[in-house]
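Good morning, and thank you for coming. Please look at the sequence and the structure as I speak.

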Amino acid sequence: MAKNIVIQIKGVKKSFEMGKIVVDVLKNINFEIYSSEFVILFGPSGAGKTTIIDLVAGLDKPDEGEIFVRDEDITQLDEDSLAHYRNKRIGLVFQEFNLIPNMTALENVVLPLVFDNFSRRLREEKAKKILTDLGLNERFNHRPFELSGGEQQRVAVARAMINNPWILLVDEPTGDLDSKNAEDIMNLLSKLNKVSKRTILMVTHNLDYLQYADRVLMLKDGNIVNEIKNKKT
Amino acid sequence: MKIIDAYRISRANLFRARARSFLTIAGVAVGVGAIILLVSLGIGLQRLTVNQIATLDILTTLTVTSPDSTRVELNSEAIKKVQELKNVESTSPSVKYPAQFTYNGTTTSSLIQGIQSENLSLEQVELETGRNFLDGSEELIISKSLLKTLGEEDCGKALDKKINIKIFVVDDEEADITESSKQVEKEFTVVGVDKSEAIGMGYISLDWLSQEAEIDKTQTLKVKVKNRKDIDSVRQEIEGMGFEVSTISDLINQIDTVFLVFEVILGLIGGIGLFVASIGIINTMTIALLERTHEVGVMRAVGARKKDVKRLFVYEALQIAFFGGLFGIIAGIALGSLFDLIINLMIKASGGLQDMNLFITPPLFALGMILFSIFIGWLVGLYPARRAAKLSPLEALHIE
């Protein structure tokens, strides 16, 4: 069965001003990601991996080019539409977990549903289920500082998954974790991809994780320099 | 985002920096409390003043005088005409002259008023003890204040005692008293004591005085109308006859205006505190924004719209203002009551009898102050809230 294109990036360029110097972070990026694919953006620091995630997340706009997500050019969306897009269509997982410190695990996970006007009962029901699925059933009322790094990242994954998004955008999810927790998170992402059929675009510079991907896009100096397809695809 | 959720999150944020929030709320409370206390004092003084001069009877009473007693006389014929006017219930002619009162060897100067006994209430005479004098008799009602001046502290003891009164029959009560003035001197029996501690006055029968002093005209005519709404029409008719008419309403209106200005000034003085507290809210919210910039980024990343972020910050400012306003009102009223208590204890200690409320806070004013406080919170909360909403989600995420 032919797979649908979920993300399509066409001729994307992005530069940043660093004082008086203009740095071309993305020079001419073109790629597609298909439904239920697990794609890893791999490359050294400064290659432009995170910038691609930010652009696909609608947190930033390219200087040139188009970014289609399910046939909609998100570069043309206004602020409110982008907020709706981030809330409903994608889930974001960051390296630093980015949990809100005064909120419990449960409150952090329900946050996207709060902005989506879910009732308290329904959103807590959903959050408890997903936290239980991720093995955090005894951590509902713990605040981030009371959780281990691995647990915090699982809470962050739960938050990204709560609104049942099409796409998970994952930026160096294991950067702040020890090897055991890092492996757990990678297995969790792999499971979400295989079992829940989530499309995943992940950034890493760790070679060990490339095995999890269906495809690896190698980035260097703002260009995609290579594309590796794993045998399993 | 639902309002209830915005409220819950902003409330949780408010309690994160407890000490800072408490101090900001305390600042607002001081500002609101100062306004409540000072304006309540103004209202209390206003009520006290108005209550001293106005009773229900007096609010339906016109005071008629002659602008020129040689040309337009307030004589029995004129009084009869006024009495016959539609909506006039009763009339009360009276005269007032300077007089010397002598009691137990003590002599003092004051005023004597000749009036018909049935109209004493229009002069706000309220008996502490005794009875009304009989018209045509040589009986006297004396105010408590005058009695004290004459050295008699016990009202009951004064009853049935004789007071010698020398009345100087002059054209008006402020005229110079000379030995050549027409004088009437008589011993009067005290039959009643008026409660008033403010006015030194004696009241005797107008009929007796008119006969003894051979007076055929009155200085002042009090006209009681049937209903308060009839005041203006009756006033116009009497003015049409060439007389001058004043009402207590005129005075009350003037007093109200003076006190309104006074209360506004007091409110503005108290408002300085609220102004400073408002700057405190802006400061607190700006610090909160700086501390939570990263969280704003996280919220935007998971789907918060600009207006959701703005709402969270505005609601936090509103809660500071609401709690500040509430505590300020409670503190203002409590402090006012405490001052009243102390003042009344001091009055009692110095022999006064009447309790007084110097601080009066009408419920609507208190409610208005809460709403005003919330409005101020909203106004000053907008600036940091807009700044928060304008943050780029990506830049906010990168700020730790």
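Predicted model: local features only at pLDDT ≥ 70, side-chain atom pairs only at ≥ 80, totals over all residues.

Arg235(B) has a relative accessibility of 17% and therefore counts as buried; buried means under 20% relative accessible area, exposed over 50%, and partly exposed in between, with a 1.4 Å probe and protein chains only. Because they lie four residues apart in helix H8 (residues 231–240) of chain B, about one helical turn separates them. Helices here are DSSP runs of H or I with at least four residues, and strands are runs of E with at least two, numbered from the N terminus.

Residues are numbered from 1 along each chain as its sequence is written, chains are lettered from A and ligands numbered from 1 in the order in which they are written, and side-chain values use heavy atoms, leaving out hydrogens and water.

How many salt bridges does a search of the whole structure find? Over all chains, there are 24. One of them joins Arg215(A) to Glu37(A), with the closest N and O atoms 2.7 Å apart. This pair links distant parts of the chain, 178 residues apart: Arg215(A) belongs to strand S9, and Glu37(A) to the loop between strands S2 (21–34) and S3 (38–42). Both residues are buried.

Consider next Asp214(A), in the loop between strand S8 (199–204) and strand S9 (215–220) of chain A. Asp214(A) is buried yet has no salt bridge, and the nearest side chain of opposite charge, Lys194(A), is 4.0 Å away. For charge, Lys and Arg count as positive and Asp and Glu as negative, without His and the chain ends. The side chain of Asp214(A) reaches the backbone nitrogen of Phe38(A) at 2.7 Å.

Returning to chain B, Arg131(B) forms a salt bridge with Glu139(B), and their closest N and O atoms are 2.8 Å apart. Arg131(B) is partly exposed, at 39% relative accessible area, whereas Glu139(B), at 12% relative accessibility, counts as buried.

Definitions and conventions. Polar contact = N/O pair within 3.5 Å; in protein donor to acceptor, adjacent residues only side chain to side chain.
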